[in-house]
Amino acid sequence: MTTFLENMKAMDANRYATKKTIAQGMLDIALLTANASQLKYILQVGEQHQFYKLMLILISLSIVMQLLVGILFVVIGSLNINRQQDQTAAVILNDVILVVVFIISVVNVIISGFGIEYSSHPLRLLDQHEKTP
């Protein structure tokens, strides 16, 4: 009977880890979508944006790091934490993901600090710049 209970606890831990990975992946997709929208805006406005190059680099960096985290999520999601070898790998990957997600957060705070003004009307911004002498 104890073996059955131990197996149930181990399966629950594995299920929890899988659900956690899926939830983190969903959040990553939401941020990736926001960054793609920001990138589209920056590319539409072009060099007329005051911080064009900085924003282009930061948004691109954020997208690349998010893709890296997505790949790491797939890898960590495939691990069976009931095996000791996979537990060690999962802990290491979890720490790497944590650091990369923190860096992504900092990069996106900087992106927000430099602002995407008029993001719903990028062509109006272009028109304003063209009309000014």
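Guide: Begin with burial: a residue is buried under 20% relative accessible area, exposed over 50%, and partly exposed in between, using a 1.4 Å probe and protein chains only. The model is predicted, so local features need pLDDT of at least 70 and side-chain atom pairs count only at pLDDT 80 or more, while totals for chains, interfaces and linings use all residues. Residues are numbered from 1 along each chain as its sequence is written, and side-chain values use heavy atoms, with hydrogens and water left out.

Visitor: Is H49 buried or exposed?

Guide: H49 counts as buried because its relative accessibility is 10%. Across the protein, 29% of the 133 residues count as buried.

Visitor: How are helices and strands assigned, and how many does the protein have?

Guide: Both are DSSP runs numbered from the N terminus: helices are H or I with at least four residues, strands are E with at least two. Here there are four helices and zero strands, giving the pattern α-α-α-α along the sequence. H49 belongs to the loop between α1 and α2.

Visitor: Which residues does H49 touch?

Guide: A contact means heavy atoms within 4.5 Å. Leaving aside residues up to four places away in sequence, H49 touches Y41, I42, M55, F114 and G115. For the protein, take the contacts with a separation of 6 or more: residues 24 or more positions apart account for 72% of them.

Visitor: What do the values say about N94 in helix α3?

Guide: N94 is partly exposed because its relative accessible area is 29%. Not counting residues up to four places away in sequence, N94 touches K20 and I76. I76 is 18 residues from N94 in sequence, and their C-alpha atoms are 7.7 Å apart.

Visitor: How do V106 and V74 read on the accessibility scale?

Guide: V106, in helix α3, has 36% relative accessibility and so counts as partly exposed. V74, in helix α2, has 61% and so counts as exposed. Spatial separations can be read beside these values. V106 and S62 are 44 residues apart in sequence and 9.5 Å apart from C-alpha to C-alpha. For V74 and T18, 56 residues apart along the chain, the C-alpha separation is 10.0 Å.

Visitor: What is a pocket, and what volume does the largest pocket have?

Guide: On a 1 Å grid over the protein atoms alone, a pocket is an open set of points with protein on both sides within 12 Å along at least five of seven lines; lining residues have an atom within 4 Å of a point. The largest pocket has a volume of about 280 Å³. It has 15 lining residues, of which Q24, V69, F73, I97 and V101 are the closest to its centre.

Visitor: Which helices supply its lining?

Guide: α1 (2–45), α2 (52–77) and α3 (84–114) each supply at least two residues, and α3 gives the most, with seven. The lining of the largest pocket divides into eight nonpolar, four polar and three charged residues. In that scheme Ala, Val, Leu, Ile, Met, Phe, Trp, Tyr, Cys and Pro are nonpolar, Asp, Glu, Lys and Arg are charged, and the others, Gly among them, are polar.

Visitor: What does the UniProt record cover?

Guide: The unreviewed UniProt entry annotates residues 52–79 and 91–116 as "transmembrane region"; such annotations may be inferred rather than shown by experiment. In the model, residues 52–79 are 93% helix and 0% strand, with end C-alpha atoms 41 Å apart.

Definitions and conventions
1 Å grid on protein atoms, 1.4 Å probe; cavity = no way out; pocket = protein on both sides within 12 Å on 5 of 7 lines; lining within 4 Å. Points joined across faces, edges and corners; volume = space filled by probe spheres on them.
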